[in-house]
Amino acid sequence: MRPLKLIMSAFGPYAGQTVIDFSQLGEQGLYLITGDTGAGKTVIFDAVSYALYGQTSGGVRDANMLRSQYADADTPTFVELEFSFRGKCYRVKRNPEYRRPAKRGTGMTKEKAGAELYYPDDRVPVTRISEVDKSIVELLGLNHKQFTQITMIAQGQFRKFLDTNTDERSKIFRDLFHTYFFQQLQDKLKQDAAAKRNEFAEQQRRSEQALNGISCIYPAYTEQLQSFALRHYEGCVEEVLTLVDTITALDEKEQQQVAAAAAIVTKNLTALQDSLGAIAKKQQLEKYMQTTEAKMVSMQKQLEQEAAAAVQRQEALQKLEAEVNEAQKGEVELAQLQTERQQLAARQRELLQLQDMQQRYQRQEVVLLQKRQEYKQACDNFNHLNELSDTCFDRFLSAQAGLLAHDKLKPGKPCPVCGSCEHPQPVQLAQDAPTENDVEQARAKAEAAQKIRDGLIGEGKALKEHLELDKTLLLGKGVELLGCDDLKLIAERAQAELKDVNNKITALRLKMGFLQEKVEQYRKLAKTLEQQKAVDKQAEAAAQSIRQQLAGAEGQLQELKKQLAEQNELLTDVDEQKLQQEHEKLLVQQRELELQDKRLYVAIKNNQRIKQEVSGYEARRAACEAEYSLINSLSATLNGTLTGKKRVNLETYVQMHYFDKILQRANVRLLHMSRGQYELCRDKMQDADSKTGNSKTGLDLEVKDYYSGNLRSVKTLSGGESFMASLALALGLADEVQSCAGGIQLDTMFVDEGFGSLDDSSLQQAIATLQGLSEGHRLVGIISHVHDLQEMIDKKILVRKKRGQQGTGSEVALVVD
């Protein structure tokens, strides 16, 4: 990744929009960022980091605190970075959340945080913050933490990567060198080993649980089983299964003995049940005889009652038939009255229709009279307005000379009528002379009145024609209905006849109401008659059924008497009580033998099931034990947990290989910068001492001091020595990452301060080392206050504070010699 152009707007100390064109610095070499203290030099690195990852370089400044305090309220806050990667240009733009003036109304509103990523091809830009974050990490192959540790040695942070432990370095190497596959393999083997261990324990638990359920009623064997259970059956499962076979054989032998005894009891019980059955049959026959005799008496009584009821029903039916015949006569009369009423109703409708026609004719006469009055008023109004219009027009014409003299005649100007330039006696304009507008208004009123008059003429004519037509229809209807062609006589006769028809209809309604009640009574009686006939028929059928049942009961009673006589002959000299006692005794013996047989059956089946299940559990447990031994040994080897061995897992072992190569590259520069005094080494002594414990090792650092010949911790280095060591380590890591097939390309590096801790000689060596990076087409930016660096580095970004009339905030200038 190489920055090409950076735009900062209202960001940090930069109040307005500040543009830094990195492309002017070239593609390789060093450039210095220098200037006033607090002017915003580090903010440039923060802006690059924020544009890419939404976080600042050192992690000190929160993204929500990045808006410039010097900016105008209307100036937006954002950072836009154009950068190249693998020969293609990308552009990313971000803004933090901040408050700005509302676009509508007054007051302030919140501008939400946003991010945009633009690709060099036709792909749609990414506009969601989470998607931009993900796309940047996928593109560069580094997350924010890795980016700042490898490419940005931020102020106060340059020792972090140098002093970090094995766990933290392992996380960095995992993404840089794609060693997560080895970690996944380690974790998979560890999970498989744990799963096999759990499966082995589960088979053992099931086997023990099954063996605890063995059924045994023999005290000697029960004691043996209890002793095995106290040992959780460890190493004695086969012995227990043999004991189960012995117990099962004893149970089967006892089950055979119980079956033989049960067969004898069943045989004796069958004989007793035959005798008791004969006694029960006799008792049942006696009970049936009593029941049959009682039923016959009841049926005979029912037949007598039914005969008396049949006589009463016949009398009621005869009475009902007489009443129905009488009511039927009223139904015929009602039909005749209904016909007469329909005829009267038709005449009533015709007379009412005639009255409606007459009333409508009268109403139209009134309307015509009103229209004639309206027409007379409209004529008067028109004549009046027309006269006013003519008068106004005449006055308007008379005033034209005065208007001409008033508007057109000027001294020395020719008259538009006679052409004279002298006007000794011009006509005076009357004070009440109408205007042209007054004439038009008067004419409009007259025309409107004329339209109203003409419209009433047409309405009156139409009403008169309609009235004549209605009169003709009314006279024709009068002749048709009443034989009269006089309007007055038609009204009188229609009124009189309508009154007479209404009276007749009222009388008919009363009479029909009375007859209707009689008809309803007839219908109810007819329905009741049918119901009574049905009841009588059902009663007769029921009586016939009782007679048939009575005949059958008599035959059944004779048969029962015969069977009872036969049973009495068979049961001579039989003691029923003694037989019953013996039967109860045999039943008790039978139930006891059944329970004992059932218990033995359950015990045998249970023990057989347990033996089969335990055999299966033991077979699976043996297989699990063999698989667990193999997988656990392999997992312990790959995860570095072998007893008495170094605690180095497979992933760390692979990373150690990369780390050694990184140290080789770093030491080339560190030995040069330290003039041959220091060399970084992996802490192999700690590896040797880590055969016990849980700490992860293999990637820890120590430094070899060739002046003293001793190895010591990197934490004992001074500030300047730590800066050189961390710089060399970062450069070595960058070289190794790019040389591997990891797909990460680091074309730029940023160093923030740290040079002030170096002496003149060390400073010369550090700068020479950084200048050597240009051979790999890498651009290195340095922030420093050291004055000697300004003499050594030609390309500069000068940052200074604006004061006084220049405004507030900071500004940037590029110096490229």
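User: What makes Phe11 count as buried or exposed?

Analyst: A quick note before that: this is a predicted model. Buried means under 20% relative accessible area. Phe11 has a relative accessibility of 0%, so Phe11 counts as buried.

User: How many aromatic pairs turn up in the whole structure?

Analyst: The search finds seven. One of them joins Phe11 and Tyr50.

User: Why is the pair of Phe11 and Tyr50 called tilted?

Analyst: Start with the distance: ring centres have to lie within 6.5 Å to pair, and these two are 6.0 Å apart. Then the angle: planes under 30 degrees apart would be stacked and over 60 edge-to-face. The planes here stand at 35°, so the pair goes down as tilted.

User: Which parts of the chain does that pair tie together?

Analyst: Phe11 sits in strand β1 (residues 2–11) and Tyr50 in helix α1 (residues 41–53), so the contact ties together parts 39 residues apart in sequence. As for cover, Tyr50 has 4% relative accessibility, so Tyr50 counts as buried.

User: What makes the pair of Tyr218 and Tyr221 edge-to-face?

Analyst: Their centres are 6.3 Å apart, and the limit for pairing is 6.5 Å. Edge-to-face needs planes over 60 degrees apart; theirs are at 80°, so that's the label.

User: Are Tyr218 and Tyr221 buried or partly exposed?

Analyst: One of each. Tyr218 has 18% relative accessibility, so Tyr218 counts as buried under the 20% cut-off.

User: Which residues do ring pairs link into a cluster?

Analyst: Phe83, Tyr90 and Tyr119.

User: How do you know that Arg91 is close enough to Tyr118 for a charge over a ring?

Analyst: The distance part of the rule asks for within 6 Å of the ring centre. Arg91 lies over the face of Tyr118, at 4.0 Å from the ring centre. Lys93 lies over the face of Phe78, with 4.4 Å to the ring centre.

User: Why is the contact between Arg206 and Glu202 called a salt bridge?

Analyst: The rule wants a side-chain nitrogen of Lys or Arg within 4 Å of a carboxyl oxygen of Asp or Glu. For Arg206 and Glu202 the closest N and O atoms are 2.9 Å apart, so the contact qualifies. The two are four residues apart in helix α6, so about one helical turn separates them. Both count as partly exposed, Arg206 at 35% and Glu202 at 25%.

User: What makes Glu199 and Lys196 a salt bridge?

Analyst: Their closest N and O atoms are 3.4 Å apart, and the limit is 4 Å, so they pass. Both lie in helix α6, three residues apart, about one turn of the helix. Lys196 is buried at 18% relative accessible area, whereas Glu199 is partly exposed at 31%.

User: Where do Arg800 and Glu811 lie, and how far apart are N and O in their salt bridge?

Analyst: The distance from N to O is 2.8 Å. The pair links distant parts of the chain, with Arg800 in strand β15 (residues 795–801) and Glu811 in strand β16 (residues 810–815), eleven residues apart. Arg800 counts as partly exposed at 40%, and so does Glu811 at 23%.

User: Which residues do salt bridges with shared partners join into one network?

Analyst: Lys196, Glu199 and Glu627. Across the whole structure, the search finds 22 salt bridges.

User: What makes Ala10 and Arg86 stand out in phi?

Analyst: Most residues other than glycine have a negative phi. Ala10, in strand β1, has a positive phi near 50°. Arg86 has a positive phi of about 55° and sits in the loop between β4 (78–85) and β5 (88–95).

User: Are Ala10 and Arg86 buried or partly exposed?

Analyst: Ala10 has 0% relative accessibility, so Ala10 counts as buried. Arg86 has 46%, between the 20% and 50% cut-offs, so Arg86 is partly exposed.

Terms used: Residues numbered from 1 in each chain as written. Predicted model: local features only at pLDDT ≥ 70, side-chain atom pairs only at ≥ 80, totals over all residues. Heavy atoms only, no water. Buried < 20%, exposed > 50% of the residue type's maximum accessible area, 1.4 Å probe, protein only. Lys NZ or Arg CZ within 6 Å of the ring centre and 35° of its normal.
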